[in-house]
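Try each task before reading its solution.

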Amino acid sequence: MGLGRPEAPPLEQFLAIGLDKRTAQNAVANKKVTSNLLAVIKEAGVEMCDKAIGNLLYTVATKYPANALVHRPMLVQYVVSTKIRSSAQLDAALSFLTNAGPEPFDLDKFEQACGIGVEVSLEEIQASVKAIVDENMDAILEQRYHINVGSLCGQVRKLQPWGDAKIVKEELDNKLFEVLGEKTEADEKKPMKKKKEKPAKTEVQTTVTTPPPSEEELNPYTIFPKPEDNYKVHTEIFYSDGSIWRCHNTKELLDKHLKATEGKVLTRFPPEPNGYLHIGHAKAMFIDFGLAKDRGGSCYLRFDDTNPEAEKTEYIDHIKEIVNWMGWEPFKITYTSDYFQDLYDLAVELIKKGLAYVDHQTPEEVKEYREKMMNSPWRDRPINESLKLFDDMRRGLIDEGKATLRMKQDMQSDNKNMNDLIAYRIKFTPHPHAGDKWCIYPSYDYAHCIVDSLENITHSLCTLEFEIRRPSYYWLLVALGLYQPYVWEYSRLNISNTVMSKRKLNRLVTDKWVDGWDDPRLLTLAGLRRRGVSSTAINSFVRGIGITRSDNSLIRVDRLEYHIREELNKTAPRSLVVLNPVKVMIMNLEDDKVMDLDAKMWPDAPADDAASYYKVPFSRVVYIDRSDFRLRDSKDFYGLAPGKTVLLRYAFPIKCIAVVTGDDPEDIIEIRAEYDPLKSTKPKGVLHWVAEPSPGVEPLKVEVRLFDKLFLSENPGELEDWLSDLNPNSKEVIQGCYAVPSLAKAVLGDKFQFERLGYFAVDTDSIPDKLVFNRTVTLRDSYSKGGK
C-alpha cells in the first residue's frame, strides 16, 4: 500500500482482493480473522488481486498454524507469485509448516512437498481419468449420469494432486459422455430413493449392542498434549492499538524446561487455604493428579497463600489430610509464599522494563478509571520513582491502602483482565506460613503464572471462569521472558440443590445454618465423608461426568447418589434397624423362648459361607416400624393389618389377631400376632423387624439422622435471597431407634445397608453407649431409571 495514503476500511480491503461480499462481511465480524487477514494483505503488498489469489490469502489468514508465524510472509509471497495456485498446494504447504513450526527448514523439501514447479500435462490428466473410469465402469454403466462425479474427481486428484481441478472435471465429463452418450429422459430425472424394506417380524429376541467406548471415555487424559509439543502459540493478545502478542515458548526456553523436567508431566493442585475443600475440588484433583499419574509424572500440592487475612493453619491441615483421603499423593507440598523473594525480585525487574508502576488510586478510583478506559495519573511516572516507592512499600514506610504496584498492560483493552491489574498491595498482617517478614503481598494474577513457571509446570489446568485471564497470564510470562506452561480450562462442577461458592459455604458455617464444615448436608469433602461417602465413589462420579468445557450444565445430585449406591451395594453389609418401633406380641411363642436366626449380610450370600451371615434373635416381643401397620388394609398396602399375614425378613410369617389401642383408637400401643413356625402361609409383604434379645431386655437403642437436599431449588446460587431457599426439613434426628445386637460393635468408618431404609454410616458423634448413624443415601435410584 502506498505510503502516506489513508488505509481503507477492512471491508473495502477484503472486497478488493476478490472475496465475495458475504465472506468479507463475516471476516469483519470476527475480530481475530480481521486482524489476521489485514496482516496477510500487508505481507502480500497488494491492494487488489485476482479472486483466486484472494481466496488463497483468506485461507492463509484463517488456517495458518500459529506455531509457524515466522514463516507466513514467505508463504504469502508464494501465493501472490502464483507458485502456489491451488487449494491442494496450499493445504500441503500448511501441513508442512505445521510440522516445521518456528524452526528453519529446507526450502527445496518445502517446494517438493507442495508440488511447486510441477507441471501436469493434459495427457497425464487424461490417462488418470481413463484409469479411474475403467476402475468404476460397472457402477458408471449401472448409475449412468447419476454417478457421484465428485467422488470420481477425488479419485483422479489422488493420482494427480497438482493437476488443475477445472481441467480434471472437464476431462471426466468428456470421458463419461464418450462412454454413455447423450443423456436420456431417465438420466434427466432425479433418482428415486430406495425404501428400506422392513424386516419380517419374528419372535426371536434380538440383542442390543452398544457402541464401544471412545478413546477419551477409556482415558480422559488423551486430550492433553505432550510436554515437548509446548512450542505452539498459546494465545493471542490483541492490544487496543492493533498490535498482537502471540505467546509461545522459544526453542531455548522449551529445551531448558524439558532438560529440567526430563520431559515428564508436572501439574499442580493449587487450593487457597481459606476454607474446606468441596466436591468441585475433587474434580480438580482428578484432573491435576490424574493427568500426572496417567503420564508417569508428578503433581504438586501448592497452597495459593497470597491473602494472609483469609488463611488459617486449620484449613492447610485439612487440605493436606483430605487430599490423601481422596487417594492422591503429592510429589511435593509447596506454598506460593515460598517464592515471595523471587516474586519480589521479578516485580523489580518488571518496573525496570517499564511494565509496572506504583499507583495511589483508591479502589473506587481504579474501578471508575477502568470503566472509562482511562490511564491512571501515575501510570507514566519515572521508573526510578516507582522503584523507590516499591522499596518503601516493602519496608513498611507507606500506609496500607495508600499504594499498590500495578502491571502496565492495556487500559483501553476490552478485556478487563488486561486493565493494569494489581501485582502487589500493602497488608500489615502476619502470614500463617511466612510469618511477619513481609508487609506487601502479591496478587493471584501476578503470582500464579510466575510460580507455575518457576515450578516448571507443564499443564496449568483451571476452571473456565479463568479463561478470560489467560491473556494476562501469558502477558506477564512473556514480559519477564519466562517459560510458559500449557493452559487449559475445564468446566466447573455444578451440582443441583447446593452451593459451592466458598463465600456462601463460609456464610452457612459462620452463621450456623449448618453444623460446621463437615455437616453431612454439605457437599464439602469432609461433609461427604462424614455422611458415609467414600473417595472411590466420588472419583467414580467425577470420572463419569468427564473433563469437559461445557460450563452451563447443572449435574443433578441424583447422579452422584447413583455412584454412591453402586459402591455401597457391593461393600456395605446388610442389617436390621427399626426407626419408629411399635410392639408386636407373638402370642403363640413361649415367654422365655429365643431363637437365633441366620440373616444374610449380602443378598447373594452362599449357604455354606458362615462369614456371610449374622445372628438375629427372634423372641416373643418383636418390633416393626409404625408405618408398616394400618388398622384398615388396602390393595396397595404390603404391611401388616388386622387379619392379614406378612413375612418377617429371615424369620416367619405372622398374622395380626388383635390390636391394643389407647384412648384414641388411632393410637396403636401393641399389636398381637401369631407366627407360623412351618412357614406354610403365603404372606403378602416382607417387613424388617427387631426383637428383644432376651425376655424383658430392650433391644439396642441407636440414634439415626436422615438427610435431604439442603436447598429446595435446583440452583440456589442464582437466587438473590439464597438463604431463604434453605430446606427446613433437610435434617431429621430420630431418637430411640431399635437395632439388632450385632450393630453394637459398629465403629467409626463402618457402613451398612439398613434393609428397606437405605445406606448408613457411623457418625463422629457416636460414643460407646450411644451409636449415631447417618443415612448416606436412600435405596431409591431415580438416576439409573432414567438411564446412566
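**Exercise 1: A residue in a loop**

Arg 756 lies in the loop between strand 25 (751-754) and strand 26 (758-762). Strands here are DSSP runs of E with at least two residues, helices are runs of H or I with at least four residues, and both are numbered from the N terminus. This is a predicted model, in which local features need pLDDT of at least 70, side-chain atom pairs count only at pLDDT 80 or more, and totals for chains, interfaces and linings use all residues. Residues are numbered from 1 along each chain as its sequence is written, and side-chain values use heavy atoms, with hydrogens and water left out.

Solution. Most residues other than glycine have a negative phi. The classes are buried (under 20% relative accessible area), exposed (over 50%) and partly exposed in between, with a 1.4 Å probe and protein chains only.

**Exercise 2: Another positive phi**

Task: say where Asn 497 sits, and whether Asn 497 is buried or exposed.

Solution. Step one: look in the loop between strand 11 (486-490) and helix 22 (502-510), where Asn 497 has its place. Step two: phi of Asn 497 is near 60°, a positive value in a residue other than glycine. Step three: Asn 497 counts as buried because its relative accessibility is 9%.

**Exercise 3: The end of a strand**

Task: describe the surroundings of Thr 463.

Solution. Step one: Thr 463 belongs to strand 10 (residues 459-463). Step two: with a relative accessible area of 15%, Thr 463 is buried. Step three: leaving out residues up to four places away in sequence, Thr 463 touches Glu 489, Tyr 490, Ser 491 and Arg 492. A contact means heavy atoms within 4.5 Å. Step four: the side chains of Thr 463 and Glu 465 are joined by a polar contact of 2.9 Å. Such a contact is a pair of N or O atoms within 3.5 Å; within protein, one must be able to donate a hydrogen and the other to accept it, and residues adjacent in sequence count only if both atoms are side-chain atoms.

**Exercise 4: Sequence and space**

Task: work out how far Ala 16 is from Gly 275, and Asp 769 from Leu 700, C-alpha to C-alpha.

Solution. Step one: Ala 16 is in helix 1 (residues 10-16) and is partly exposed, at 24% relative accessibility. Step two: Ala 16 and Gly 275 are 259 residues apart along the chain, and their C-alpha atoms are separated by 60 Å. Step three: Asp 769 lies in the loop between strand 26 and strand 27 (771-777), and is exposed at 69% relative accessible area. Step four: Asp 769 and Leu 700 are 69 residues apart in sequence and 9.6 Å apart in space.

**Exercise 5: The whole chain**

Task: how many helices and strands does the chain have, and what does its C-alpha trace span along the principal axes?

Solution. Step one: count 26 helices and 27 strands. Step two: the C-alpha trace spans about 110 × 95 × 45 Å along the principal axes. Step three: of the 788 residues in the chain, 48% are buried.
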